[in-house]
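Student: I have a structure open and would like to learn how to read it. Where do we start?

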Amino acid sequence: MTKPNKKQPPMPHGKRPKPKKGTLKRILKMLFAEYKVMLIIAIICVLFSTLASTSASLFLNQIVARIEEGLKIGWNNGASQSIVSLIAIMCGIYVLGIIASFTQARIMAVVTQGFLNSTRKKMFSKMQNLPIKYFDTHPHGDTMSYYTNDIDTLRQLVSQAVPSLIMSALTITVLVAYMFYLSIWMTLVVFGAVVIMMFVVKHVGGNSSKYFLRQQKAIGETEGFIEEMMSGQKVVQVFNHEEECCKDFDEINNRLFSEASKAHSFANILMPIMGNIGNILYVFIAFIGGVLILTPGVTNVSLSGQALGLAVVIPFINMTRQFTNNITQISQHFNHIIMALAGAERIFELMDEEPEVDEGYVTLVNAREVNGEIVECKERTGMWAWKHPHEDGTTTYTKLMGDVRMENMDFGYTPEKLVLHDVTLYAEPGQKVAFVGATGAGKTTVTNLINRFYDVADGKIRYDGININKIKKDDLRHSLGIVLQETNLFTGTVMENIRYGKLDATDEECIAAAKLANAHDFITRLPEGYDTMLTSNGSNLSQGQRQLLSIARCAVADPPVMILDEATSSIDTRTEVIVSKGMDALMKGRTVFVIAHRLSTIQNSDVIMVLENGRIIERGNHDKLIEEQGKYYQLYTGNFAK
Amino acid sequence: MNVIKTLMKCIREYKLQTILSPLFIALEVLIEVMIPFVTAQLIDCIEAQSEISVIAKYGGVLVLLAVLSLTCGALSGHFCAVASSGFAKNLRHDLFYKVQSYSFSNIDKFSTSSLVTRLTTDVTNVQNSFMMIIRTAIRSPMMLAFSVIMTMRISKKLTLIFLTAVPFLIIGVTFMLKKVLPLFRSIFKKYDALNNSVQENISGIRAVKSFVREDYEKQKFAKASDDVCDNFTKAEKLMALASPLVQMAIYVVMLLICYIGAKLIITSNNTELTVGGLSSVMTYGMQVLMSLMMFTMIFVMITMSMASANRIVEVLNEESSIQNPENPVMQVKDGSVKFDNVSFSYSSKAERKTLENISLEIKSGETVGIIGATGSSKTSLIQLISRLYDVNEGSVSVGGIDVRKYDVKILRDAVSVVLQKNILFSGTVSENLCWGNKDATDEEIRRACVLAQADEFVSAMPDGYNTMIERGGTNVSGGQKQRLCIARALLKKPKILILDDSTSAVDTKTDALIRKAFRDEIPDTTKIIIAQRISSVQDADKIIVLDNGTINGFGTHDELIQTNEIYREVFETQTKAGDFDD
């Protein structure tokens, strides 16, 4: 357990990050579980197109043989037929190969995109079910990069690396088989070269992927820095801090450069090395072949039993080239695979996070009163009830009133440090309860507990007499409306943003809510009224206007209990009066929790709780607290010199 | 091609590598072209069953060539990596420095996330294209030319067969440009939308959870994700045509060469063409086709990265709207402020001016409060003082001199603004405070914090002034953040201190303490305070009441209570309980 907002290192530093074993297996398992049939078809297609491309050397073998034969008999005496018929056969094979590779490419397009899509959705679904604590303890940028960088590495793995690996592996198998068929001795020479190539891949390729992983990390750091500075750009300017910023940036930028140039250097060097080992091998094989042909008495050991002749050596030389080309191909994907595994590992980390647990079984239902009894019904009646199934099979209904009681509540974000001590409070239906106190006194924490963003360490919270741990979280939160100081609007029209509170609300309901929140006036003055698009958290609105909108959004949800956490802090007091009149009308008979600094916001509350260091030190209404001349009196008169 | 010209300027100290890399590639190509030629000789030797020493000679030459090619290849690869990474580094450097020189109105033009994308993804795209260009722009045409020449030396007739591949390529390129490219452009936009929805969801997770909108969000995301998936699949399916097309071209050419070559060998009885020659032609043929493919690929890639290049150049070419004057005034005499008939609006197209006909005078050392409804242009007014924006009409003077005549840096050091939307940066508390004055001593930092009423809670933090602040200052509460921001501004020892609603999350008592500290400790500094609370401004020397961009009232608390309707109303809403004792 860590303190909220404490960053967890995304990757162990220093040591070379090595992908865990089993990650690749897990990806392939997921992939095959979803696209078994398609992948099998794709592999068959790969098989065919591989056959088509490898048969090219067979073809060359044959054509050389037939040309030699043709030289003896002449073009018009059957050589033309024998060559044309061979070409016709090849035509057939090639057409098959083309169809196969086309089919394979299309299938892989569907598989890759489908797989990414379902992985993205799984990640997002998972993320929605994570507790608030996760979001409080993980930097948002880190979570974001799951959807950008990490998914992208998977795309390359699935769409490029996997098919070409399968293809190369198949080609190599076919080639090796045929090489054995032609000459075992020469094949062994080729194997010798493979060992050297492996060695090169391990060293050069290994270095390259090491630096690629480091480059990824450096990119992450650079992005983080840029994001922080760009969003704080105005502050940077006000403080004339541009030069220092640039200096810091240069440092990070240079680090990225050094990692990137190393990573790319190694990657770029790999190709010529592998290619030229191939070249040298080619010469070597040609030489050995030539020597073997010229040396009398050397018998060819082969599966075909063919004697060593041109018909063996020339195709063999060509196959050597194909063989090394394929190995080079595989080595090219080395970096992709390493990066994809690192990305996949992070994705799995998210997927393996513990979801928010919900053991609640009490649900919120529409209800109607029939002969003094509460009866569940389907349609919206405006009356709600808690449906409480008991162990003995009976079900009781409790009318939703909005009665909230907290008893001897203790809480800390970490077990070592309690933020709330022994907090007890009662909010009766219809009451307005205010929390005041210096910043950091624990006011917001109390509201985090009511809607179970966090769970109490000790003590109980009862809602209409029911322990909130028994209430299903969704239903509990449905019954609470929360307006936070930090407004979070979503991309979409003003209307859509208000409707977020109640998805099936009509336009009229939304407008009524906007009027209630006194947002109607400014909305109608926007260029397109309720259809004005809001982007990046409503950056085209002032902070106060954003708050009015989030109040409207909450009002349309029409919740029985409402929590206003500094919800009007940026609204001028004259507007606030109008808003609160509307709110009072709306909240008549309902429970409201208010957190505010402004006296005018809270002074008409039924109960005011003064919190200090996580303890309630005073309680009572405004008049009483003023009369007591205690902390509240000090806080709100500024008369601290008492 | 201005875009490319602008980008080229960023190569700078990596010019040598940028030139060396293709140079070595050219050498590598030369050797690579020679290899099959020598190979053909070797094979012919084997075929003719020549002496081993002759075979060994050719073999030796080939090995030598391979080693040379390896060296050139490795060197060019290295230079290319350095050149492209260096180019990207310079691009990021120039972009970042450019943004640092932006004025507020420049910043308003680009959103933060778009700037971040331009500095990261777009730079990477351009870098990759740059690498591609260095590596293949020389290689492919050279390879093509040499291979064609070599084939022509072996057989002119067979060379003509390569032309049959050209129609396939033309079809391929037109198809890519016409169909696939626009699709990819729209995919990038859809991707942005997808990322945006994740971003919003993460930062708004409390809103999502408290409205129990997880399922709704999942649906929304699934829709965006499906959208990307569908379009991408469509594009990739179209792209799937590319590789069979390439294969088709290769196969057709190969079969034709085989047929015509075989005929030529047999009919001419090994004189016009040999078996070895045929196999060389096949090898060259492959190279010709491959370089043609590469060429088309580069063409498509460059077209795709042009969008990124344009976005980068847009940032680089944006001129800062606020420039230092010639012979700037380098000293601010005192903290007096004068607005002379000032009008201002953020955009020239705006119907209504944000500020209109503002005239007022503030003497050095005075405390001035500003009150006004949401949207009454309070923030706009004070931003003109430190020349964060320039006025449209009239003039703003500080210390008796028009702000446009000062060196911007000098002016902003003298006028310290605590912004409404304030931000702390990742780093320790001390580091953050040192933004105000990087040479500040520990005592100075502490004193600023005492004045801003921040010392108490900072000292109570586990590591005191060395406590780490998380990115965006998420581990301090709103009120604490505001007080740290005030302390940071105080460290500048400004002549004018402006607080833009900077104590909204601070309780009244602390707020009063801060103002008292200002009064006692920095009496010579002009203090301008925007606030919602009357109590924050009522003891000011003068109070400005703003209404819809015009001055509605200007005077002391007592005067305004008597004469100004808006002020009286605001006052009453905050004290109507009547027993609010001050």
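Student: What is the mean pLDDT of chain B?

Tutor: This is a predicted model, and pLDDT is the predictor's confidence in each residue. For chain B the mean pLDDT is 85, and 97% of its residues reach 70 or more. One stretch to handle with care is residues 577-582 of chain B, where the pLDDT is below 50. Beyond near neighbours in sequence, that stretch has eleven contacts in the model.

Student: Where in chain A is confidence lowest, and where is it highest?

Tutor: Start with the average. Chain A has a mean pLDDT of 82, with 93% of the residues scoring at least 70. Confidence in chain A is lowest in helix α19 (residues 631-637), at a mean of 74. It is highest in helix α12 (residues 494-499) of chain A, at 91. Also look at residues 1-17 of chain A: the pLDDT there is below 50. This stretch has 27 contacts in the model beyond near neighbours in sequence.

Student: And what are the scores for the model, ipTM and pTM?

Tutor: The ipTM is 0.82 and the pTM is 0.78.

Student: How many residues of chain B are in contact with chain A?

Tutor: Interface size is often given as the accessible area lost when the parts come together. Here we count residues instead. In chain B, 133 residues are in contact with 135 residues of chain A. Helix α3 (residues 52-100) of chain B gives the most to chain B's side, with 26 residues. By type, that side of chain B divides into 58 nonpolar, 48 polar and 27 charged residues.

Student: Why is chain A called more spread out than a compact globule?

Tutor: Count its elements before judging the shape. Chain A has 19 helices and 16 strands. Its radius of gyration is 36 Å, while the globule rule gives 26 Å for 642 residues. The value is well over the rule, so chain A is more spread out than a compact globule. Along its principal axes, the C-alpha trace of chain A spans about 120 × 65 × 55 Å.

Student: What share of chain A is buried?

Tutor: Buried residues make up 48% of the 642 in chain A. Now take contacts in chain A between residues at least 6 apart in sequence: 75% of them join residues at least 24 apart.

Student: How far does helix α11 of chain B reach?

Tutor: Compare its span with the expected one. Helix α11 (residues 242-267) of chain B has 26 residues and reaches 37 Å from its first C-alpha to its last. That is close to the 38 Å expected at 1.5 Å a residue. After α11(B) comes N269(B), with a positive phi near 50°.

Terms used: Residues numbered from 1 in each chain as written. Chains lettered and ligands numbered in written order. Predicted model: local features only at pLDDT ≥ 70, side-chain atom pairs only at ≥ 80, totals over all residues. Contact = placed C-beta atoms within 7 Å. Helix = DSSP H or I, 4+ residues; strand = E, 2+ residues; numbered from the N terminus. Nonpolar A, V, L, I, M, F, W, Y, C, P; charged D, E, K, R; others polar. pLDDT = per-residue confidence, 0-100. Rg over C-alpha atoms; globule rule 2.2 N^0.38 Å. Buried ≥ 20, exposed ≤ 12 C-beta atoms within 10 Å, placed from the backbone. Expected span 1.5 Å × (residues − 1).
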